[in-house]
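I opened the notebook with a plain plan: to look up how the parts of this model are arranged, and to write down what I found in the order in which I looked.

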Amino acid sequence: MTSTTDLPRLMSLMTGDAKHDQAATSTLDVLWVLYDRVLRVTPETAADDTRDRFLLSKGHGPMAYYAVLAAKGFLDPAELPGFGSFGSVLGLHPDHLLVPGAEISSGSLGHGLPLAVGMALGLRALIASGGLTRPDGTSPRVFVLTGDAELDEGSNHEAIAFAGRAGLDTLHTVVVDNASATHGWPGGIEARFAIEGWSVARADGRDHTALEAALTAPHPGRPHLVVAAVEPKHR
Amino acid sequence: METMRERFAAVTSSLLAEQPRLAVVLADISADSFEPARQRYPDRVINLGIREQLLISVTGGLALAGLRPVAHTFASFLVERPFEQIKLDLNHQGAGAVLVSAGGSYDFADNGRTHQSPGDVALLGTLPGWTVHVPGHPDEAERQLRAAATGQDLVYLRLSTAANTVPLAAAPGQLTVLRTGRRGTVLAVGPLAEPVLDATLGLDVTVLYAATIRPLDTATLRGTLGEAAVVLAEPYLAGTSVPAVSGALRDIPHRILGLGVGRAELRRYGTPAEHQAAHGLDARSLRESVTSFLDG
């Protein structure tokens, strides 16, 4: 599959709804661009040490994630109708020991970015020791997706500060910003990352070309933040 | 005598040379001891600063990337503060790790409640898969550390400034029979072995020693059981291993007394010896508790 046209149908297999509100799809375009244009991982390379890692930290509302994994062949679409049922591998929060292609289990907020820091540190150590280089000379990267309200969790700020100071340039954070944080982020989400030494970018979270450009922008020596702005949750 | 914590830093620093996938994660505590190793292996000795949630999450992430992480700080900040990170970023992710604590229950007696962690073993007991070592001597700690460093499982190594004068553990993971008797069993954990041996001098009891309390060596406990009366002496929250002992004896009518650190806050400073006595874990108090339980 090479387009997003099948994603609403795949999501409907889980939700039973023909149409989905914007909250259910806030991550859909970012996820699609990541898996379609950015991440170097396929069902065939999903167990390779040199694969790119994608961590869904915002595990709440994972239908878009499951739909993209199914569209890209990681997940059998026949699993989708069982979503949330006792015998299904697809829960309301993903369990990576059950979901093919999922790198972490998530649901409790504020765990994905700190885990991603550890993963990037681990990959950096293995790369430095001469491992994990691909035939074309590139090395695996780590991408983590959080929500803007998820940044309320203090654990993220331990991770943001350390990753910036450590210059973890294999680490990429995508914050899907639907302005749902109760107390907001005056001055912008980017400011919190930039002051800690991150490279930062903002893109329209529905514009695939802009997202791809932001996600693939060079950021030597620094971790990279992309704020993907979508429709506000409360209007 | 060299402390367990000093031995830990020395042995782990040498293991980094032998095991290319071993990594050490710190949150400032003991960073000075690891500085030479950090200079040699800057990618595998990582000091995060005072960030204990991140300490555990990074440990989980390192494991998911294929490394064998060893995380270390004081017990109160390693287990109690980031407990949800242990539950989710280690257990739930299926990630293995070695957590090495220092300070234990009342090593920092004069620091007060904030630096005391009597509940750590009980907390980890709510999660599956943890091996819990409570060494009573630096040699025991070293053996446990070396084994854990080559594994892939979840290991908690609880280091203390309290220690027995000699190593007492025989086979790894198994209870060691220090003394045999007929009237009951006293199971001493880690640094409480010698106080228990002093306390039970002349008593007709079996004394078992555990340097590893999870999983519990139920075969030795049952195999050496005389009268089914068991006293547990644990250098952390009283009663922590009562369910494990009771479960091991589920088909035998039995009595159990769980001795250990009291649940109530002491709100006292002073020395570890004073706290040990205040919790009834000095030899004289232990003897009173054991004899009154056996006679009761």
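I started with chain B of this predicted model, where the domain assignment gives domain 1 as residues 4–158 and domain 2 as residues 176–295. I looked up the spacing of the two, and the C-alpha centres of domain 1 and domain 2 of chain B lie 26 Å apart.

Next I went to the contact between these domains, in which 22 residues of domain 1 of chain B meet 21 residues of domain 2 of chain B. On the domain 1 side, helix H6 (120–124) and strand S5 (130–133) of chain B each supply at least two residues, and S5(B) gives the most, with four residues. I also noted the classes on that side of domain 1 of chain B, which are nine nonpolar, eight polar and five charged residues.

Then I turned to the sheet in chain B. I found an open sheet of seven strands with mixed pairing, in the order S2-S1-S3-S4-S6-S5-S10. Which strands stand at the edges? They are strand S2 (45–47) and strand S10 (212–214) of chain B, and each has a single partner strand, so one side of each is left without a neighbour in the sheet.

Strand S3 (residues 68–74) and strand S4 (residues 97–102) of chain B run parallel and are joined by five bridges; for B:Thr73, I found the bridge partner in S4(B) to be B:Ser101. I then looked for what covers these strands, and helix H3 (residues 52–64) of chain B lies across strand S1 (22–26), S2, S3 and S4 of chain B, running at about 165° to S3(B).

My next entry is on a pair of helices in chain B. Helix H1 (residues 4–18) and helix H7 (residues 138–149) of chain B pack at an angle of about 35° with their axes 9 Å apart, and H1(B) passes H7(B) in a right-handed crossing. From H1(B) I listed B:Met4, B:Arg7, B:Phe8, B:Val11, B:Thr12 and B:Leu15, which meet B:Pro138, B:Ala141, B:Glu142, B:Leu145, B:Arg146 and B:Ala149 in H7(B). By class, this contact of H1(B) with H7(B) has eight nonpolar, one polar and three charged residues.

I then looked up a helix pair in chain A. The axes of helix H2 (residues 28–38) and helix H3 (residues 63–71) of chain A come within 9 Å and cross at roughly 30°; angles under 35 degrees count as roughly parallel, and H2(A) and H3(A) are therefore described in that way. H2(A) passes H3(A) in a right-handed crossing, and the contact is made by A:Leu28, A:Leu31, A:Trp32 and A:Tyr35 of H2(A) with A:Ala64, A:Tyr65 and A:Val68 of H3(A). I counted seven nonpolar, no polar and no charged residues by class in the contact of H2(A) with H3(A).

Last, I looked at where the two chains meet, a contact that takes 25 residues from chain A and 26 residues from chain B. On the chain A side, the elements that give two or more residues are helix H4 (112–128) and helix H5 (154–166) of chain A. H4(A) provides the largest share of that side, 13 residues, and the side of chain A that touches chain B divides into 14 nonpolar, eight polar and three charged residues.

Technical notes:
Residues numbered from 1 in each chain as written. Chains lettered and ligands numbered in written order. Predicted model: local features only at pLDDT ≥ 70, side-chain atom pairs only at ≥ 80, totals over all residues. Axes fitted to C-alpha atoms, helices over the stretch in contact; angles between N-to-C directions. Parallel < 35°, antiparallel > 145°, perpendicular 65-115°, else oblique. Left-handed = near helix turned anticlockwise from the far one by under 90°. Contact = placed C-beta atoms within 7 Å. Nonpolar A, V, L, I, M, F, W, Y, C, P; charged D, E, K, R; others polar. Domains from an automatic or database assignment. Pairing = 2+ DSSP bridges.
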